[in-house]
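Please keep the sequence and the coordinates at hand while reading.

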Amino acid sequence: MTSSQCFDNPPILSSTSGVGSVQELGGLKTYVTGPQDSNLAILLISDVFGYEAPKLRKLADKVSANGFLVVVPDFFYGDPYPIDLDDPKLDREAWRKAHGKDKGCEDAKTVISALRSKGVTSVGAAGFCWGGVVVVKLASSDYIQAGVVLHPGRITEDEINEVKCPISILGAEIDNASPPEQMKHFGEILSAKPGVRDSENAIDTMIDAKFLLKLSSKAVAADSQTLGSDGNIPSLLGPNVDSFVKIFPGVNHGWSVRYDDDNESAVKSAEESHEDMLDWFTKYIK
């Protein structure tokens, strides 16, 4: 959470939104949706507005329709960032200190352990803004098998260097918190990491030896690959660790879960990011 864009188009929170139910998981109130007996789970980690955001829960329901047990915990313990940004009582620094991302990561590990105790064998995690940073932290551990980061807050190169599971970064073209250039740079770092193998995605255009771009009418996708000395993509460089970076044109930070329903283009871009996220989890969470 490093930009005023983090607060644009805030949601109208609703404790009753979604087709799932609120349960306690790992000591946290958690929105739970999907087959309760599934051994495949997806953890969605919200932006600063928390787990009662209707569009986030709608996305959870959509993912769960593909056979995943989806959980959206209340990492803010009933204290999401206030919708009224002009509230004179609002102390932003105090809120940030009370809801640090390191604490969020530890809470996420507790939730994942609770899922494991219920028979879940594979876990993916997706995070939005604040939650995106938490997912990157989780990706340095063995707690998740794949991660998706959507318009994250501030991430460091050191954190990217620690990533050890397949990770997809979905960024916005207009993003002060996570500029496209930085997201692409993270892709280059990931491509240079030992053990990064080639993605199975189609490559249409090679830009240089470090970064490959797939051009489409909707977005520019960057597959994190490393070329061999002969200029070809090696079939396997190491363990099954994959990375993917995609920048969505014409959208702002936060768009994937705080899009304007009246903006047809924004809605389509959000839906495309949701499909990309689902494709990543379908590929790795099994």
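In what follows, axes are lines fitted to C-alpha atoms, for helices over the stretch in contact, and angles run from 0 to 180 degrees between N-to-C directions. Helices (H or I, at least four residues) and strands (E, at least two) are DSSP runs, numbered from the N terminus. The model is a predicted one, in which local features need pLDDT of at least 70 and side-chain atom pairs count only at pLDDT 80 or more, whereas totals for chains, interfaces and linings use all residues. Residues are numbered from 1 along each chain as its sequence is written, and side-chain values use heavy atoms, with hydrogens and water left out.

The protein contains eight helices and eleven strands. Consider helix α3 (residues 101–117) and helix α4 (residues 130–138), whose axes come within 9 Å and cross at roughly 65°. This crossing of α3 and α4 is right-handed; a crossing is called right-handed if the near helix is turned clockwise from the far one by less than a right angle, and left-handed if anticlockwise. On the α3 side, the residues in contact (heavy atoms within 4.5 Å) are Lys101, Asp102, Gly104, Cys105, Ala108, Lys109 and Ile112, and they meet Trp130, Val133, Val134, Lys137 and Leu138 of α4. By class, the residues of this contact comprise seven nonpolar, one polar and four charged. Here Ala, Val, Leu, Ile, Met, Phe, Trp, Tyr, Cys and Pro count as nonpolar, Asp, Glu, Lys and Arg as charged, and the others, Gly among them, as polar.

Attention now turns to the charged pairs. A salt bridge is a side-chain nitrogen of Lys or Arg within 4 Å of a carboxyl oxygen of Asp or Glu, and by this rule the count comes to 13 salt bridges. Asp102 and Lys137 belong to a network of salt bridges that also includes Glu159.

Which residue forms a salt bridge with Asp47? The partner is Arg258, with the closest N and O atoms 2.7 Å apart. The two are 211 residues apart, Arg258 being in helix α7 (residues 255–258) and Asp47 in the loop between β3 and α1. Both residues are buried, where buried means under 20% relative accessible area, exposed over 50%, and partly exposed in between (1.4 Å probe, protein chains only). Asp47 counts as buried because its relative accessibility is 5%. Leaving aside neighbours within four places in sequence, the contacts of Asp47 include Phe76, Phe128 and Trp130.

A second pair is formed by Glu275 and Lys62, whose side chains meet in a salt bridge (3.2 Å, N to O). Glu275 lies in helix α8 (residues 264–284) and Lys62 in helix α1, so this pair ties together parts that are 213 residues apart in sequence. Glu275 is partly exposed, with a relative accessible area of 36%, and Lys62 is also partly exposed, at 32%.

Asp276 is in helix α8 and Lys246 in strand β11 (residues 243–252), 30 residues apart. Asp276 counts as buried at 17% relative accessibility, and Lys246 is buried at 8%.

Finally, the chain as a whole may be considered. Of the 286 residues of the protein, 54% count as buried. Among contacts with a separation of 6 or more, residues 24 or more positions apart account for 70%.
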